[in-house]
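Colleague: I am new to this structure and would like to learn how to read its features one by one. Could we begin with the pairing between strands, and then step back to the chain as a whole?

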Amino acid sequence: MEDHRIQTIVIVGGGTAGWMSAALLSKVLPPTVKIRLVESEEIGTVGVGEATIPQIRHFNTTLGLDEDEFIARTQGTFKLGIEFVNWTRLGHRYIHTFGTTGGRDLGLVQFYHYWLRLHLSGETGPDIGEYTFNAIASRKNKFMRSPNIQNSPLSNIAYAFHFDAGLYARYLREKAEARGVMRTEGKIKTTLLRADDGFIEAVELESGERIAGDLFIDCSGFRGLLIEQALHTGYEDWSRYLPCNRAMAVPCRSVDEITPYTRSTARSAGWQWRIPLQHRTGNGYVYCSDYISDDEAAATLLANLDGEALAEPRPLRFVTGKRRKFWNKNCVAIGLASGFMEPLESTSIHFIQSSLAKLVAFFPDRRFEPVRIDEYNRQVQFEFERSRDFLVLHYKATERSDSPFWDYCRNMPVPDNLAQKMELFRSSGLVFREHEELFTDVSWMQVMIGQNIMPKAYHPMVDTLSADELRQMTAGTRGVLERAVDVMPKHMEFIAKHCRAPSVVV
Ligand SMILES: Cc1cc2nc3c(=O)[nH]c(=O)nc-3n(C[C@H](O)[C@H](O)[C@H](O)COP(=O)(O)OP(=O)(O)OC[C@H]3O[C@@H](n4cnc5c(N)ncnc54)[C@H](O)[C@@H]3O)c2cc1C
């Protein structure tokens, strides 16, 4: 029988995507598969990308990383959610947290329907965060991992991390090289294609070295060296839905307590991120160049930092969208080479992880059957599109009319699927997670309520409780959550005890 197995994988790029790919593939594939990675220090990496979502914990576990060591090595902190400031209207804030809201769901109906009845009857305000464990903990700057106890809000604390993506890549490089991944430093000059079918045969470096392979992973960043420049796969532009196309990024000194959440503050032509790490705070203004100049964006950013800027603002340009195919012939694009959506919900590093998980699930042989490739592309596309819709929701559901940028966002047409989701929620309070979409119904609900899409109705089953029972149940839930948060340590204390980075005083 002919042996069609993949023998050599070539990873192009050594940013977060390249080293995550190398670390995972060297861990899960048989050692007979040779993995080579080419990167160019002269070209460098994007170097921002510091906030994540809880799924990263599965990735780290698969790699066998020790969580405390990982945090200490990457100057990491913990993240319970994202606070959105000024998105709904100026002066307004809400938190989109990981995990659930309220206590246990009663019967088939989720807690928020009970909360909704209370709110619609005027007995509680519009902030469901008051009944959400992670939001209460965030506001008090508390964090801990779940202890081994049952039936408590503490038993299942959902969290992710903030970390320095450059240090993460370096950490993963050590792991990957220890498992035999061969790294080559150098600039790729040409990609050589097979004459008969246009598959990639090899990459050629400026030094003249040729690196051949069976499967090529394009982690070369926005330029898409293989997927676009060599294979001309094409790009689907989504800027009509997500008009921001630039960012200015700058780290600053931290001055206050290290918060266990990311902050996103809407500004006149976009929004500003604030990501607290152990040694500094990461900041950036994501904006649309039609509405603000680079100089004004940099000035706005610098005027809104917690502490002294530690560098000059660094400009970045992007076009929101995705490749027409993520996998084309024998090339799979991962990371920025596959597409980009702004970091509003910290999805990019997750897409790297998720694409890798799918690549492992659909791992090919040298016949590269089209049906396998098509299904991979369909699944990644689904995840990208549904996540895009979730981001668009933040811009569309705004009451802001104080700048031309927000006027555009409020009035822009949105994808049908999103329009339908918003309408269903507005009229009935119902929202469902579709298939394997990334964001859960609890996430959709929190952002819709946060952005003041307040449903006109709650689920009819809620009326099985009398008004008194409802009051008792919701007040009881809130009390339990608050008491549970009270016993938690401060986020900084937790870090200092378990995972302080060397040479940092927390
Ligand atoms: C403004 C901004 C904010 C972000 N914030 C977040 C966030 O909070 N959370 C999150 O999850 N993600 C975030 N991201 C995304 C995150 O930064 C990226 O997904 C991640 O860093 C992966 O980048 P990459 O490895 O795909 O590309 P890059 O970092 O660009 O790496 C590309 C690699 O390819 C190599 N290369 C390119 N051309 C050649 C060549 N010719 N020869 C040899 N080597 C070559 C380079 O040397 C480099 O090693 C953000 C991105 C941006 C732009």
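Colleague: Which residue in E18 is the bridge partner of Tyr 235?

Modeller: In this predicted model, Tyr 235 has Arg 323 of E18 as its bridge partner. Two strands count as paired if there are at least two bridges between them, and here strand E18, residues 321-323, is joined to E12 by 3 bridges, the two strands running antiparallel.

Colleague: In what order do the strands of the open sheet lie?

Modeller: The open sheet consists of 3 strands in the order E12-E18-E21, with antiparallel pairing. Strand E12 (235-237) and strand E21 (339-340) are its edge strands, since each of them pairs on one side only.

Colleague: What share of the residues is buried?

Modeller: A residue is called buried when its relative accessible area is under 20%, and of the 506 residues in the chain, 58% are buried. As for the surface, the chain exposes about 21,000 Å², of which carbon and sulfur atoms supply 49%.

Colleague: How far apart are the mean positions of the positive and negative charges?

Modeller: The chain has 59 positive and 63 negative charges, and their mean positions are 2 Å apart.

Technical notes: Residues are numbered from 1 along each chain as its sequence is written. This is a predicted model: local features need pLDDT of at least 70, side-chain atom pairs count only at pLDDT 80 or more; totals for chains, interfaces and linings use all residues. Side-chain values use heavy atoms; hydrogens and water are left out. Buried means under 20% relative accessible area, exposed over 50%, partly exposed in between (1.4 Å probe, protein chains only). Accessible areas come from the Shrake-Rupley method with a 1.4 Å probe; for residues, only the protein chains shown count as cover. Lys and Arg count as positive and Asp and Glu as negative; His and the chain ends are not counted. The place of a charge is taken as NZ of Lys, CZ of Arg, CG of Asp or CD of Glu. Helices (H or I, at least four residues) and strands (E, at least two) are DSSP runs, numbered from the N terminus.
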